[in-house]
Amino acid sequence: MRFSFATFFRDEKKLFLDNTLPIAIFNAKVFCFLSKVTILFLFILLAGAFFFHYGLSYVTFILTSLVCNSLFLYLFSLLRRGGKASQFILPLCYFDVTLFYMAVIFTSLYKTTGIHVGVAFTCFEILVPILILDRSWRISAVCLCSYAVHLVFCYFMKPFDVFCNDLVNTSVFCFLGMFIGGFFRFTQLINIDNDRDLLYQRDTDMLTGLPNRRVLFEFLSLSRLNLYQVLDVIMVDIDFFKKYNDTYGHQKGDACLAALGECFKKFGDSHKLTFCRYGGEEFIGIGMHYDTDELVSLADSLRQEVEALQIPFKEYDPGHITISAGCACCFIDEDLSDQIVIKIADDALYQAKRAGRNCVKY
């Protein structure tokens with residue numbers, strides 16, 4: 001098949017848009033790795049400065065770089081605690097890379113004889129495009145800028161023979177790094193995309209498009225980490241769904257479940273609730289933002305939205321599909337278990353059924 005840069009960049013853009021969260025998680029790990037490597041590298045340079053009696057300007061620059069890198073790492077930990085790390089992880093990665101480049105370039109220029117520092121810079125030129133997951137044009141721009149800055153300073157500040165060595169080394173490895181990095185990056189993106197598809201199939205009820213029972217229990221387990229907060233639960237049951245299936249057939253029943261799944265998902269997205277299919281015609285919505293009255297009001301709004309769908313059911317008195325719902329607000333402590341949470345909501349649901357269905361109980 002013929003290679004096309006336009007196709008490559010279009011496919012790459014789609015992969016980035018489809019996998020924003022896993023890419024942010026990957027880059028967060030890269031940032032932590034780069035920060036620690038940079039701090040270690042700066043400590044080595046600082047030790048070398050004292051051992052070889054380098055000047056005050058060199059020591060000052062290394063210490064400043066060390067403080068900046070430590071601040072970046074601390075800022076990242078604050079953002080991660082605040083749940084905003086994914087929005088800022090890429091700029092932090094580039095700040096860290098720029099800091100590392102500056103440290104190596106400064107060291108290379110400070111020690112104008114020998115080529116070992118230039119070789120270290122060359123090695124990093126090939127590593128950066130492989131490590132960071134970002135659009136190829138941005139990574140290439142950063143690599144080319146650092147490459148150009150290094151060579152310009154080398155031309156004016158180093159002996160000509162050393163400059164020629166740096167020119168050959170950095171040119172070869174910079175462009176090699178961009179091409180190899182592009183290949184590894186695209187391969188990594190495809191693997192992330194495949195993993196996302198597998199996770200979606202594992203965690204999603206394919207009929208309704210909602211998360212399945214496994215995700216529900218995982219969410220309940222994670223919610224118990226938020227001690228002394230309130231967990232909101234809405235348990236929903238489709239009224240007389242077995243009769244609907246027997247009357248209209250399983251194909252109509254599946255279409256009904258799919259329509260309700262879409263309704264629950266839209267409702268959940270707009271009200272900070274996660275709806276999962278619990279089994280059969282039962283669904284559970286989970287949240288952590290409402291008190292009892294607000295939760296009951298929300299559940300009744302959901303009931304009205306289902307009625308508004310007007311899915312025909314002539315054998316049932318209202319003439320269309322309805323739902324019953326049971327609500328529970330559970331205070332999270334060490335004794336709260338998944339079974340207790342579901343039992344409380346299930347008891348409220350059965351109260352709604354005994355009250356004649358098509359209603360909400362707490």
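1. Phe240 sits in the loop that links β1 (230-238) to α9 (241-248); helices (H or I, at least four residues) and strands (E, at least two) are DSSP runs, numbered from the N terminus. Its phi is positive, about 50 degrees, although Phe240 is not a glycine. Most residues other than glycine have a negative phi. With 35% relative accessibility, Phe240 counts as partly exposed (buried is under 20% relative accessible area, exposed over 50%, partly exposed in between, with a 1.4 Å probe and protein chains only).

2. A word on the basis of these points. This is a predicted model, in which local features need pLDDT of at least 70 and side-chain atom pairs count only at pLDDT 80 or more, while totals for chains, interfaces and linings use all residues. Residues are numbered from 1 along each chain as its sequence is written, and side-chain values use heavy atoms, with hydrogens and water left out.

3. Please also look at Lys272, in the loop between α10 (250-270) and β2 (274-279). Lys272 has a positive phi of about 55 degrees and is not a glycine either. Lys272 counts as exposed, at 58% relative accessibility.

4. On confidence, the chain has a mean pLDDT of 83, and 90% of its residues reach 70 or more (pLDDT is the predictor's confidence in each residue, from 0 to 100).

5. For Cys93, which is in no disulfide, the nearest cysteine sulfur is that of Cys32, 8.8 Å away. Cys93 is buried, at a relative accessible area of 0%. Cys174 is in no disulfide, and the nearest cysteine sulfur belongs to Cys143, 5.6 Å away. Cys174 is likewise buried, at 0% relative accessibility.

6. Finally, the surface. Val149, Val152, Phe153, Tyr155, Phe156, Met157 and Phe160 make a nonpolar patch of about 770 Å². Accessible areas come from the Shrake-Rupley method with a 1.4 Å probe, and for residues only the protein chains shown count as cover. Helix α6 (residues 136-157) gives the largest share of the patch, six residues. Phe160 belongs to helix α7 (residues 160-203) and is exposed, at a relative accessible area of 58%.

Key
Patch = residues over 30% accessible without salt bridge, like charges linked within 9 Å, V, L, I, M, F, W, Y side chains within 5 Å. Salt bridge = Lys/Arg side-chain N within 4 Å of Asp/Glu carboxyl O. Disulfide = S-S within 2.5 Å.
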